[in-house]
Amino acid sequence: MEIKAWNFVLFSCLSVSFLASSSSAQTCRSQTFSNNMQYANCTDLPVLNSYLHWTYNQSDGTVEIAFRHTGTTSSQWSAWGINPIGPRMVGTQALVALVNSSGVAQAFTTSINSFGPPMQPTALSFPVPSLSATFENNEMTIFAVLRIPQNLSSTSQVWQEGPVSNGQIQPHSTTGPNVQSAGSINFLTGQ
Ligand SMILES: *[C@@H]1O[C@H](CO)[C@@H](O)[C@H](O)[C@H]1NC(C)=O
Ligand SMILES: *[C@@H]1O[C@H](CO)[C@@H](O)[C@H](O)[C@H]1NC(C)=O
Ligand SMILES: *[C@@H]1O[C@H](CO)[C@@H](O)[C@H](O)[C@H]1NC(C)=O
Ligand SMILES: *[C@@H]1O[C@H](CO)[C@@H](O)[C@H](O)[C@H]1NC(C)=O
């Protein structure tokens, strides 16, 4: 009897602490930005140490985003994008960042149209009025403002990392987390 009672107390404590932590355990909630930007919503992405922060303004269709990739190095590229046609690589309207040969974080947009994309700057299917990146403490952060049509307020997102060699973007791994880095995003509800 006594043991059962203890088990119950212990179990209750564990479930209370589990509930308490699951509502506040998102890592993205504690992330800050050196430019003091603040975002209404954030999500911990499930693989590749990646986090998306955003503020969506439905009335003018702009999404301010910060995509953070932690635990990376200056010889890795980082990317995040929207894919209007599904949670996969081809079709992704991507924001890419790397530390360039001047040792400075540089961001550009590229539309991924094949499995061997040139990864050169191109326009996206929607305007990107603002884009920059920072590389600090082994964290790459891409800051952008996207002006998206209403039908992309709920869409797919894709993110990725890969090596940089002699300033050139190299293909990413095609196994493990690098092929699990896609999902859905609803800018309106945060789901
Ligand atoms: C997202 O941000 C909006 C605007 O501040 C807020 O009302 C909403 O509760 C947030 N959603 C989540 C899931 O954090
Ligand atoms: C959303 O955009 C409209 C139009 O640009 C602007 O008037 C409004 O202040 C913005 N809302 C927020 C919360 O920033
Ligand atoms: C979204 O709407 C635009 C027109 O505003 C259209 O060109 C595009 O095909 C639509 N995209 C999707 C994914 O429905
Ligand atoms: C590196 O990126 C910075 C910031 O975008 C840019 O000003 C600089 O010209 C770039 N250097 C090279 C070598 O591309």
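The model is predicted. The protein contains 1 helix and 11 strands, and of its 191 residues 41% count as buried. A search of the whole structure finds 4 aromatic pairs.

**Overall make-up**

- Along the sequence, the elements follow the pattern α-β-β-β-β-β-β-β-β-β-β-β.
- Among contacts between residues at least 6 apart in sequence, 52% join residues at least 24 apart.
- The protein exposes about 10400 Å², and carbon and sulfur atoms supply 54% of that area.

**Aromatic pairs**

- Across the whole structure, the search for aromatic pairs gives 4.
- W54 and F187 form an edge-to-face pair, because their ring centres are 5.9 Å apart and their planes stand at 80°, where over 60 degrees counts as edge-to-face.
- W54 belongs to strand 2 (residues 50-57) and F187 to the segment after strand 11 (182-186), so this pair ties together parts that are 133 residues apart in sequence.
- Both W54 and F187 are buried.
- The rings of Y56 and F187 have centres 6.2 Å apart and planes at 40°, so this pair is tilted.
- Y56 also lies in strand 2, while F187 is in the segment after strand 11, so the pair ties together parts that are 131 residues apart in sequence.
- Y56 counts as buried because its relative accessibility is 13%, and F187 is buried with a relative accessible area of 1%; the cut-off for buried is under 20%.
- F33, Y39 and F143 are linked into a cluster by ring pairs.

- The residues around ligand 1 are R29, A40, N41 and T189.
- Taken alone, ligand 1 exposes 360 Å², of which the protein buries 39%.
- By class, the shell around ligand 1 holds 1 nonpolar, 2 polar and 1 charged residues.
- The side chain of N41 has an N or O atom 2.6 Å from a nitrogen atom of ligand 1.

- N100, S101, S102, V104, A105 and Q106 are the residues around ligand 4.
- Taken alone, ligand 4 exposes 360 Å², and the protein buries 45% of that.
- The shell around ligand 4 divides into 2 nonpolar and 4 polar residues, with no charged ones.
- An oxygen atom of ligand 4 is 2.2 Å from an N or O atom in the side chain of N100.
- A nitrogen atom of ligand 4 lies 2.8 Å from a polar side-chain atom of S102.
- S101, one of the residues around ligand 4, is 65 residues from N166 in sequence, and the two C-alpha atoms are 7.9 Å apart in space.
- N166 itself is placed in the loop between strand 9 (154-165) and strand 10 (168-169).
- N166 is exposed, because its relative accessible area is 77% and the cut-off for exposed is over 50%.

**T109 in strand 6**

- T109 is found in strand 6, which spans residues 105-111.
- With a relative accessible area of 14%, T109 is buried.
- A polar atom of the T109 side chain lies 2.6 Å from the backbone oxygen of T122.
- Leaving aside residues up to four places away in sequence, T109 touches A94, L95, Q120, P121, T122, A123, L124, V128 and L131.

**Positive phi values in two loops**

- L48 is a residue other than glycine with a positive phi, near 65°.
- L48 sits in the loop between strand 1 (41-44) and strand 2.
- L48 is buried, its relative accessible area being 10%.
- N138, although not a glycine, has a positive phi of about 60°.
- The location of N138 is the loop between strand 7 (130-136) and strand 8 (139-147).
- N138 is partly exposed, with a relative accessible area of 40%.

Methods. Residues are numbered from 1 along each chain as its sequence is written. Chains are lettered from A and ligands numbered from 1 in the order in which they are written. This is a predicted model: local features need pLDDT of at least 70, side-chain atom pairs count only at pLDDT 80 or more; totals for chains, interfaces and linings use all residues. Side-chain values use heavy atoms; hydrogens and water are left out. A residue is near a molecule or strand if one of its heavy atoms lies within 4 Å of it. A polar contact is a pair of N or O atoms within 3.5 Å; within protein, one must be able to donate a hydrogen and the other to accept it, and residues adjacent in sequence count only if both atoms are side-chain atoms. Accessible areas come from the Shrake-Rupley method with a 1.4 Å probe; for residues, only the protein chains shown count as cover. Ala, Val, Leu, Ile, Met, Phe, Trp, Tyr, Cys and Pro count as nonpolar, Asp, Glu, Lys and Arg as charged, and the others, Gly among them, as polar. Rings of Phe, Tyr and Trp (its six-membered ring) pair if their centres lie within 6.5 Å; planes under 30 degrees apart count as stacked, over 60 as edge-to-face and the rest as tilted. Helices (H or I, at least four residues) and strands (E, at least two) are DSSP runs, numbered from the N terminus. Buried means under 20% relative accessible area, exposed over 50%, partly exposed in between (1.4 Å probe, protein chains only). Contact means heavy atoms within 4.5 Å.
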